[in-house]
Amino acid sequence: MTPSDYEYLRKLLKERSGLDLSADKQYLVESRLLPLARKSSLPGISELVEKMKAGASALTAEVVEAMTTNETFFFRDKIPFDHMRETVIPALVQARAARRSLRIWCAASSTGQEPYSIAMCLKEAGHLLAGWRTEIVATDLSQAVLEKSKAGIFSQFEVQRGLPIQLLVKYFTQNGELWQISPELRGMVQHRQLNLLQDFSHLGVFDVIFCRNVLIYFDQNTKTNIFERLSRMLEPDGVLALGAAESVVGITNTFKPYPDRRGLYRPNIAPVIRVGASTLVPQTLRAVAAAS
């Protein structure tokens, strides 16, 4: 791969996906795209680039997909899901007692491990959510990973990464070396193709947004823009979950840390007030009072 090939790919990927590759990431491009070149019967990346420049739109889409499909596994980093069970769901159950519904958006959902982890959290909180309407919207840039997520079929290796054995037995059916998640949990997740660089206001307003381990690949201006748009997608007392290596500090003032809950943030619109074990904003208190 020549320097000009790399610059072409860097520019293309930033325009199409927001992926901001530094000058020293040539090894990453080679590791992701050489297999694609061989699959396309091309000797190398330079030939791949030439074919893209000639207008091979399907190949270009495959290149973007190969570069933006990231590692995922069930209950990744664990802590955000513990917070969901212990703090977020109980607080929102109080706040939404009148309407009895929750909407959760899993942005950059990849092959489905994250939205199905969220679905299992909701099912395990069944005693709190009995009779409620729960909706999980899973979006990703790649249609291929969304199709895999819809099928809900995972290898032995995939279910062994982060998934507790009791949840595997409870929510999956084995077929040879593959495991399929239950129809009930698959039915809880809606899948939609979405590019975070584009308008996503049509998705509506959510109580919780998981946008984890994707913004780290964007430059600061793009991160700031996406955070500002995400803030308009959250209820005033909603929760944003970021990845373990991500933060809003120094990037945006539209969010502030959720007290004592690492990795969680909420819209920066009003002071928080503690109510027992939960942390709620004034709007939430009004909702609780109205329901009591």
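D207 is buried, because its relative accessibility is 0%. This briefing rests on a predicted model.

**Salt bridge D207–R99**
- D207 pairs with R99 in a salt bridge, and their closest N and O atoms are 2.6 Å apart.
- D207 sits in strand β7 (residues 206–210), while R99 sits in the loop between α5 (79–95) and β1 (101–106), so the bridge ties together parts that are 108 residues apart in sequence.
- R99 is partly exposed, because its relative accessible area is 38%.

**Salt bridge E114–R212**
- A second salt bridge joins the side chains of E114 and R212, at 2.9 Å from N to O.
- This pair links distant parts of the chain, with E114 in helix α6 and R212 in the loop between β7 and α12 (220–231), 98 residues apart.
- E114 counts as buried because its relative accessibility is 8%, and the cut-off for buried is under 20%.
- R212 is buried as well, with a relative accessible area of 4%.

**Salt bridge E147–K150**
- E147 and K150 form a salt bridge, with 3.5 Å between the closest N and O atoms.
- Both residues lie in helix α8, three residues apart, which is about one turn of the helix.
- E147 is partly exposed, with a relative accessible area of 40%.
- K150 also counts as partly exposed, at 38% relative accessibility.

**Network and total**
- Salt bridges with shared partners join R96, R99, D207, E235 and D237 into one network.
- The count of salt bridges comes to 19.

**Helix α8**
- Which residues of helix α8 (residues 143–151) are buried? They are V145, L146 and S149.
- Why are they on the same side of α8? They cover an arc of only 105 degrees around the axis, and that puts them there.
- The cover over these buried residues includes α6 (113–124), β2 (133–140) and β6 (189–193).
- At the start of α8, a side-chain oxygen of S142 comes within 3.3 Å of the backbone nitrogen of A144.
- G152 follows α8, and its phi is positive, near 65 degrees.

**Residue P257**
- P257 belongs to strand β9 (residues 255–257).
- Is P257 buried or exposed? P257 counts as exposed because its relative accessibility is 54%, and the cut-off for exposed is over 50%.
- Beyond its neighbours within four places in sequence, P257 is in contact with L264 and Y265.
- P257 and I165 are 92 residues apart in sequence, and their C-alpha atoms are 32 Å apart in space.

Technical notes: Residues are numbered from 1 along each chain as its sequence is written. This is a predicted model: local features need pLDDT of at least 70, side-chain atom pairs count only at pLDDT 80 or more; totals for chains, interfaces and linings use all residues. Side-chain values use heavy atoms; hydrogens and water are left out. Buried means under 20% relative accessible area, exposed over 50%, partly exposed in between (1.4 Å probe, protein chains only). Helices (H or I, at least four residues) and strands (E, at least two) are DSSP runs, numbered from the N terminus. The arc is that of the directions from the helix axis to the C-beta atoms. Contact means heavy atoms within 4.5 Å. A polar contact is a pair of N or O atoms within 3.5 Å; within protein, one must be able to donate a hydrogen and the other to accept it, and residues adjacent in sequence count only if both atoms are side-chain atoms. A salt bridge is a side-chain nitrogen of Lys or Arg within 4 Å of a carboxyl oxygen of Asp or Glu.
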